Amino acid sequence: MACIHVNAAELRAPGPSQSVYREDCTQCFDSIDDPTGLDVCLYCFNGGCTADRGHSLLHVSASSHPLVLNIKRTRKHVSREEPPAKMTKLSIAAETETDRYDTTTRVKCYECGIDDVDKNSGKLPGLVDAVLKANTFARQEEVKAWEQEMTACEHTLCLEQQEARQIESGALGHCSECELNENLWLCLSCGNLGCGRQQFGGIGGNSHGVGHTKSTGHPVAVKLGSLTAEGTADIYCYACDEERVDPELPDHLAHWGINIKDRVKTEKSLTEMQVEQNLRWEFAMTTEDGKELRPLFGPDFTGLKNLGNSCYLNSTLQALFAIPEFRDRYYLPDQGLPDAPLPAEDLETQLRKIADGLISGRYSKPDSDVIATEDTPEVPHQRGLAPAMLKHLIGRGHEEFSTMRQQDAFELLLHLLKLVSRSQHVAPLKDPVNAFRFVMEQRLQCISCKRVRYRSDEQENISIPVPIRRVPKDAQMDTTDSEGKEKEKEEFEPVTLKECLDIFTAEEVVELTCGACGSKDGFTKRSLFKTFPSVLAVNARRFEIVNWVPTKQDVPVIVGDKAIPFDGYKSRGLQGGEEVLPDDADTSASSKWTPNEAALSMLEAMGFPRVRCEKALHATGNEDPEAASNWLFAHMEDPDIDDPVDFNAGSGAGSKPNVVDPDQIEMLCGMGFSTPQARQALKETGGDMERAVEWLFSHPEATGDFGGDASAETPAESQVKPEPGSDKLPANFELQSIVCHKGSSIHAGHYVAFVRKQLPDAQDTAWVLFNDEKVAKAADIDEMKKFAYVYFFRRL
């Protein structure tokens with residue numbers, strides 16, 4: 001019997017940008033490696049599992065797409081009688097999928113009941129071939145991970161060069177201002193040769209090339225050691241602050257008498273050094289005595305595959321789904337999945353898919369293509385689950401998380417919590433982000449008249465400053481590099497978590513004019529907890545500005561395993577005998593907007609230019625230097641970051657506009673916000689769209705401005721929303737998980753997670769290391785806790 005659907009009009013080959021889900025199911029992590037394989041819909045290319053969960057049949061039933069291509073892959077085993085060769089250089093193996101797997105395919109028609117449709121019939125030959133050759137969804141992500149698209153810019157395309165001359169070969173041997181003979185950059189405008197910045201791997205640099213650019217304005221330079229006879233090289237445009245390509249590089253070099261065909265590459269490119277550096281940031285998978293850490297398998301012990309610089313996502317997901325509120329919300333094995341027409345594009349489906357993958361234990365088993373023998377010391381780890389679909393949804397439309405570059409795990413946590421909170425939670429399901437929410441209370445007191453004002457702010461985390469105190473050089477230990485040469489390494493005095501919390505909650509003086517008594521002596525300001533959350537996320541800020549770049553310093557923070565009391569950080573609220581500042585008392589210095597001098601001086605002390613500091617304070621409320629510094633780190637790449645702005649132009653006094661642009665409201669509503677929320681945000685930020693979006697994300701609970709004609713929509717004053725968290729004492733918190741980072745920048749290096757879990761056949765909890773796909777019982781956890789980037793505490 002022949003299938004009647006093989007010539008259906010709907011059957012078309014996938015387009016070049018169309019996703020083909022032919023590696024794992026869009027609703028679970030069952031894959032083509034399972035015994036029954038994976039069904040790929042030949043109409044819409046959805047991937048559906050064929051085992052007990054039957055997601056393929058559900059898709060056929062819901063979509064009326066009967067034809068599928070079943071793909072089954074079997075791993076080829078490799079016998080090895082000795083340990084594998086150690087990798088000694090950076091290389092990309094040309095191993096293909098055919099070298100590692102045996103793959104079988106067959107076409108099935110569920111409506112006709114045929115399990116093996118003739119692949120040569122109708123439209124099937126070209127269609128099946130196109131499906132098998134198309135980039136899978138995960139492959140598209142992996143390609144982005146290892147390809148950095150370089151483009152030309154106006155400065156390379158319109159490069160102006162000074163009068164041509166022959167640069168003697170001897171003049172190309174070292175920097176024009178020092179004796180460095182590597183990491184040399186040639187200015188393509190004038191032929192000056194200057195050393196670059198210090199680079200990964202101990203390569204020296206005194207930034208003389210950068211200094212030349214600042215003094216002359218010449219934008220483009222080429223790294224001499226990276227030149228190849230094929231015409232490739234590292235090109236850097238300082239005006240764009242980006243790596244670029246120069247289509248006319250041979251001609252631009254010939255202008256200075258340099259024949260690119262005679263050049264031999266002598267140094268690694270910037271991309272190669274970045275890849276090598278990320279590979280070096282490996283968290284040890286051995287104990288102090290050299291033994292391999294014991295891999296763990298089963299429920300709650302499933303690893304996540306690194307998609308290429310996605311360790312920041314993997315570690316954050318492991319910490320989040322160890323929290324009971326997230327587990328209860330998304331791990332629902334006894335409930336059906338959401339009825340989503342496009343499961344791969346549905347956040348609820350993908351979060352439940354991740355929860356099932358991490359918690360069920362279904363995919364947590366040893367995996368290796370090596371048949372171990374007595375002489376093979378390898379301990380097979382898991383294959384790991386690839387969270388490509390969830391990563392795509394999290395990053396969609398986001399400037400940073402949509403890329404394949406390394407990102408800040410703490411910033412991802414904040415972004416993910418906002419996405420989860422804004423999604424639907426149909427009763428009896430609850431928003432898991434509620435576990436993170438609490439209220440901080442700020443107390444302002446006039447130094448002169450002693451009147452006070454209290455303000456409450458809902459938060460989901462705290463970011464605590466870590467004091468940076470260097471150990472004197474004569475007290476530091478000598479260290480050596482891989483070649484045995486002595487190298488200088490800064491050491492820092494350890495600090496306790498209590499000291500960081502004390503600094504975070506300490507009283508400070510701010511320069512404000514009291515509207516009640518007119519005094520300009522200022523106010524004391526202090527922020528304490530009004531309520532406490534069930535889960536407290538703490539970001540340890542170990543950054544300082546070094547050469548205009550935020551640099552992470554390895555300052556040890558001592559955190560114990562025992563419960564930590566937070567009672568001393570609770571606000572007492574308005575006390576008897578305290579006189580409250582009148583609501584109409586203005587505490588600003590004048591009618592015109594002026595930057596908070598105390599906050600401004602703190603930001604300038606960190607090395608930021610005054611123009612940037614004023615912009616940050618204006619965007620974040622002109623009070624909190626921490627919020628302003630976070631804003632600065634997030635906007636350092638803005639092209640207009642150094643352009644002066646008159647914040648009092650137009651409306652004067654910085655007043656909020658009474659009328660907002662309807663088009664701006666419509667744009668914000670298109671992003672998922674309500675009309676009242678959009679109106680309030682635009683009024684709070686003076687009609688600035690960018691700041692309005694930031695305001696909305698930082699005030700998710702804002703009820704909005706309903707306007708004079710919408711009083712009926714305004715929530716009744718009697719329906720006061722209860723404050724999140726609990727004000728009950730004692731407030732004791734115990735450390736449950738940490739996200740650790742190795743590297744001098746949050747945008748490079750490597751992230752892992754350590755989670756406190758109950759091990760099988762063990763009475764007490766133990767710390768477990770989640771290093772991408774590797775899951776093992778952790779060793780030396782006390783050392784790891786000292787350098788954690790994000791701490792998750794559970795209230796007892």
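At 28% relative accessibility, Arg-362 counts as partly exposed (20% to 50% relative accessible area; buried means under 20% and exposed over 50%, with a 1.4 Å probe and protein chains only). The model is predicted, so local features need pLDDT of at least 70 and side-chain atom pairs count only at pLDDT 80 or more, while totals for chains, interfaces and linings use all residues. Residues are numbered from 1 along each chain as its sequence is written, and side-chain values use heavy atoms, with hydrogens and water left out.

Arg-362 meets the side chain of Asp-52 in a salt bridge, at 2.8 Å from N to O. A salt bridge here is a side-chain nitrogen of Lys or Arg within 4 Å of a carboxyl oxygen of Asp or Glu. Arg-362 lies in the loop between helix H11 (347–359) and strand S12 (370–371), and Asp-52 in the loop between strand S2 (47–49) and helix H1 (55–63), so the pair ties together parts that are 310 residues apart in sequence. Helices (H or I, at least four residues) and strands (E, at least two) are DSSP runs, numbered from the N terminus. Asp-52 is exposed, with a relative accessible area of 64%.

The structure holds 34 salt bridges. One of them joins Asp-39 and Lys-108, whose closest N and O atoms are 3.4 Å apart. Asp-39 belongs to strand S1 (residues 38–41) and Lys-108 to strand S5 (residues 101–109), so this pair ties together parts that are 69 residues apart in sequence. Both Asp-39 and Lys-108 are buried. A further salt bridge forms between the side chains of Glu-508 and Lys-525 (3.7 Å, N to O). This pair links distant parts of the chain, with Glu-508 in strand S19 (residues 508–510) and Lys-525 in strand S20 (residues 523–529), 17 residues apart. Glu-508 counts as partly exposed at 30% relative accessibility. Lys-525 counts as buried at 6%. A network of salt bridges links Asp-431, Arg-437, Glu-458 and Glu-460.

Strand S28 (residues 765–771) has 6 of its 7 residues buried, so it is largely enclosed by the rest of the structure. S28 pairs with strand S27 (residues 750–758) in the antiparallel sense over 6 bridges. Strands count as paired if DSSP finds at least two bridges between them. Val-768 in S28 is the bridge partner of Val-755. S27 and S28 form a hairpin with 6 residues between them, and Asp-761 in the turn has a positive phi of about 60 degrees. S28 is also joined to strand S29 (residues 774–777) by 4 bridges, and the two run antiparallel. Ala-776 in S29 is the bridge partner of Leu-769. The hairpin of S28 and S29 has 2 residues between the strands, and Asp-772 takes a positive phi near 55 degrees.

The secondary structure of the chain comes to 21 helices and 30 strands. Of its 796 residues, 47% count as buried. Contacts (heavy atoms within 4.5 Å) were also counted. Among those between residues at least 6 apart in sequence, 69% join residues at least 24 apart. The accessible surface comes to about 40,400 Å², of which 49% belongs to carbon and sulfur atoms. Areas come from the Shrake-Rupley method with a 1.4 Å probe; for residues, only the protein chains shown count as cover.

The mean pLDDT of the chain is 81, and 80% of its residues reach 70 or more. pLDDT is the predictor's confidence in each residue, from 0 to 100. Over residues 143–148 pLDDT stays under 50, and the model has 7 contacts beyond four places in sequence for them. Over residues 480–485 pLDDT also stays under 50, with 5 such contacts.
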